[in-house]
Each structure stands twice: as C-alpha cells, then as structure tokens.
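User: I would like to learn how to read a few packing features from a model. Please give the general idea for each, then the case at hand.

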Amino acid sequence: MSEQEKRPTADRDQTHKETGEDQAPPEGAQDNGAEVSTDSTTPGVPEAAIPELVIISGMSGAGRSTAAKCLEDLGWFVVDNLPPALIPTMVELGARSQGNVARIAVVVDVRGRRFFDNLRESLADLESKHVTRRIVFLESSDDALVRRFESVRRPHPLQGDGRIVDGIDAERELLRELRGDADLVIDTSSLNVHELRAKMDAQFAGEEEPELRATVMSFGFKYGLPVDADLVADMRFLPNPHWIPELRPFNGLNEEVSAYVFNQPGAKEFLDRYAELLRLIAAGYRREGKRYVTIAIGCTGGKHRSVATAEKLAARLVAEGVETVVVHRDMGRE
C-alpha cells in the first residue's frame with residue numbers, strides 16, 4: 001500500500017487525538033445552549049466514492065485476458081488473478097483513492113472448491129456493503145476450447161493426468177453457480193479477438209451506464225442455440241424465403257426479403273406481442289438490477305426470417321429507449 005493510500009486513515013487518527021473525542025467535555029459545556037454531538041465519525045469514505053466493480057470470470061481459454069485488456073484500454077483499473085478474499089479490500093482501497101480509481105475490474109478463475117467458496121463469501125460481503133458489482137462470464141463450447149488449448153500446446157489447468165475435456169468438464173461444473181449469477185454472458189465460440197473486443201466495447205465504452213442494454217441476435221437452429229441467450233424466439237412458424245428462387249440469394253437485411261416475411265400471416269402480430277412481452281420483462285429486469293439481456297431470434301439457417309425479425313425488433317427496442325446492439329451470428333455461413 002502506498003503512502004498516499006495510508007494517509008487518510010492516519011489523518012483521521014491524528015484528528016481523533018487532537019480533538020480528544022474520547023475525553024469528557026469541559027464542565028458546563030452542555031449548559032451553554034448549544035447542542036453537543038455525541039456521534040463520532042466512522043473511519044471510511046462516502047458511499048458515492050465507492051468505485052464500480054466488474055468481475056471477469058469464465059472458462060479457461062474463453063477470452064478472459066482479452067476482455068480484461070479491453071476494459072484496461074477503456075480506463076478501468078484491472079487486477080488479474082486477485083484472490084477472491086481480497087476483492088472487498090481492493091474495493092476499499094479504490095474508495096480511498098479520492099476518485100482516482102473509479103472503476104475496478106477483477107479477473108478471477110476457479111481452480112478449487114475452497115477458492116470458489118472464498119469468491120462466494122466475497123460477493124456476499126460486497127452485497128452487504130451495498131457495493132454495485134457486475135459479473136461478466138466468458139463462455140465457449142467444448143470443441144472451441146479444445147482447439148484453443150491444442151493450438152497453444154498447453155494443458156487445461158484442471159485436467160491433471162486426464163484429457164483436456166476432463167479439465168473442461170471439471171471447470172464447467174465448478175463455475176456453474178457463478179455462471180448463473182452472471183450479469184453478462186458472452187459466448188466466444190465463434191468470435192475472434194477483435195470481435196470479442198467489439199462486444200466488450202459495446203457494453204462498457206459508454207460514458208453513462210444505461211438502465212438496460214440489449215443484444216438482439218439472429219441465428220440458425222441448424223448451427224445450434226446461442227449459449228449466452230436469455231430469451232429465444234423461433235421464427236420457423238413462417239414460410240421460408242429460401243424456397244423462393246428470387247429471394248434465396250438475399251438475406252433478411254434486403255427490403256424484399258423483409259417485406260415477404262412480414263406479409264405472412266402472424267408475422268406482424270408476433271412482432272407486436274413479443275415487443276409487448278419484452279416491455280414487461282425489461283421492467284422486471286430493471287427492478288432486479290439486471291443491466292444486460294441477450295434476445296436470440298432463430299430460423300433454420302439464420303439468414304432470412306431471423307435476420308429480418310431481429311432488425312425489426314431491435315428498432316422497436318431503440319424507439320423505447322433501450323440501448324441495443326444487433327448481431328447476426330450465422331448470416332453468411334451458407
């Protein structure tokens with residue numbers, strides 16, 4: 001700890017001694033008509049000085065270091081591999097910095113049951129002190145993680161004498177509860193470094209934190225469900241433009257494709273009612289302090305119906321004041 005960080009406590013102690021707060025007041029002092037305060041100032045800092053806290057965790061090989069570097073570039077004070085028991089202490093030190101450390105990001109991983117228990121205790125401690133914290137969880141498929149570990153020829157931290165997949169399974173089990181508590185889950189299975197940085201920038205680069213941020217993602221069911229989706233809608237109840245020869249080469253961003261999709265029976269009604277449902281869900285998310293939601297819209301290939309619907313739905317959300325990012329996960333894969 002630097003001398004500058006120590007000084008506020010020392011100054012308070014010196015003031016305490018000089019003012020003699022523990023000594024009895026002079027005789028007659030209470031009779032001069034003025035109120036005598038018996039409250040002592042608790043050492044600490046104003047609540048407004050408590051820094052923002054983001055905890056970055058997730059699967060080994062899923063991009064924790066890249067996410068941390070992105071926040072560092074955005075001006076966050078980043079601490080890597082900090083023992084979870086020290087997170088409350090880190091927040092306290094940031095609060096004593098008089099605004100010099102306003103945003104803290106801590107990268108943690110879970111490599112043992114005791115370590116995980118320490119993290120859980122630290123999160124409970126932060127909650128009892130009314131510290132606003134967010135958890136960003138980096139997820140990835142088993143296949144993608146195996147490829148990444150094999151490409152760098154390194155073992156998984158938890159595989160021991162077993163295979164890479166054994167380590168992945170063990171880590172996924174240890175992180176299951178933390179993933180459930182995460183405010184933001186990012187699936188990096190099909191992302192490169194630049195795309196992951198773009199996702200982090202979209203969530204954290206704003207000057208002011210909005211009430212709710214939404215990611216509307218189109219996808220193709222034949223490529224699998226997005227693992228980071230909070231809500232999933234299936235557009236396969238509508239006719240597929242793939243079977244219309246003049247529309248097949250295009251995608252849902254094309255006006256002709258979009259017009260075809262929303263001229264089908266039930267398409268506009270679905271959009272209206274789903275948007276109404278999202279308003280109800282968004283209000284609940286705000287009440288619960290959830291700041292991020294990923295809405296996945298699927299069709300067979302992720303090219304026509306899901307893309308057109310995702311664009312329309314995102315426009316509705318933006319019109320209602322929800323900061324929205326649109327991602328077309330599978331468009332162009334065919």
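This is a predicted model: local features need pLDDT of at least 70, side-chain atom pairs count only at pLDDT 80 or more; totals for chains, interfaces and linings use all residues.

User: Is the crossing of H5 and H6 left-handed or right-handed?

Analyst: H5 crosses H6 in the right-handed sense.

User: Which residues of H5 and H6 meet?

Analyst: From H5, Asp142, Leu145, Val146, Phe149 and Glu150 take part, and they meet Ile164, Val165, Ile168, Asp169 and Arg172 of H6. By class, this contact has 6 nonpolar residues, 4 charged and no polar ones. On the spacing of such residues, an α-helix has 3.6 residues a turn, so residues three or four places apart point the same way.

User: Next, aromatic rings. How many aromatic pairs does the structure hold?

Analyst: There are 5 aromatic pairs in the structure. A pair of aromatic rings is described by the distance of the centres and the angle of the planes. Take Phe204 and Tyr292: their ring centres are 6.2 Å apart and their planes stand at 50°, so the pair is tilted. The pair joins distant parts of the chain, with Phe204 in helix H8 (residues 193-204) and Tyr292 in strand E8 (residues 292-299), 88 residues apart. Together with Trp76, Phe204 and Tyr292 form one aromatic cluster.

User: Are Phe204 and Tyr292 buried or exposed?

Analyst: Buried means under 20% relative accessible area. Phe204, at 3% relative accessibility, therefore counts as buried, and Tyr292 is buried with a relative accessible area of 3%. Helix H8 also contains His194, which is exposed at 64% relative accessible area.

User: How many residues lie between His194 and Thr66 along the chain, and what separates their C-alpha atoms?

Analyst: His194 and Thr66 are 128 residues apart along the chain, and their C-alpha atoms are separated by 9.2 Å. Thr66 is one of the buried residues of helix H2 (residues 64-73), along with Arg64, Ala67, Ala68, Cys70 and Leu71.

User: What covers the buried residues of H2?

Analyst: The cover includes strands E1 (52-58), E2 (77-80), E3 (103-107) and E4 (133-139), as well as H6 and H8. Just after H2, Gly75 has a positive phi of about 100°.

How values were computed
Residues are numbered from 1 along each chain as its sequence is written. Side-chain values use heavy atoms; hydrogens and water are left out. A crossing is left-handed if the near helix is turned anticlockwise from the far one by less than a right angle, and right-handed if clockwise. Helices (H or I, at least four residues) and strands (E, at least two) are DSSP runs, numbered from the N terminus. Contact means heavy atoms within 4.5 Å. Ala, Val, Leu, Ile, Met, Phe, Trp, Tyr, Cys and Pro count as nonpolar, Asp, Glu, Lys and Arg as charged, and the others, Gly among them, as polar. Rings of Phe, Tyr and Trp (its six-membered ring) pair if their centres lie within 6.5 Å; planes under 30 degrees apart count as stacked, over 60 as edge-to-face and the rest as tilted. Buried means under 20% relative accessible area, exposed over 50%, partly exposed in between (1.4 Å probe, protein chains only).
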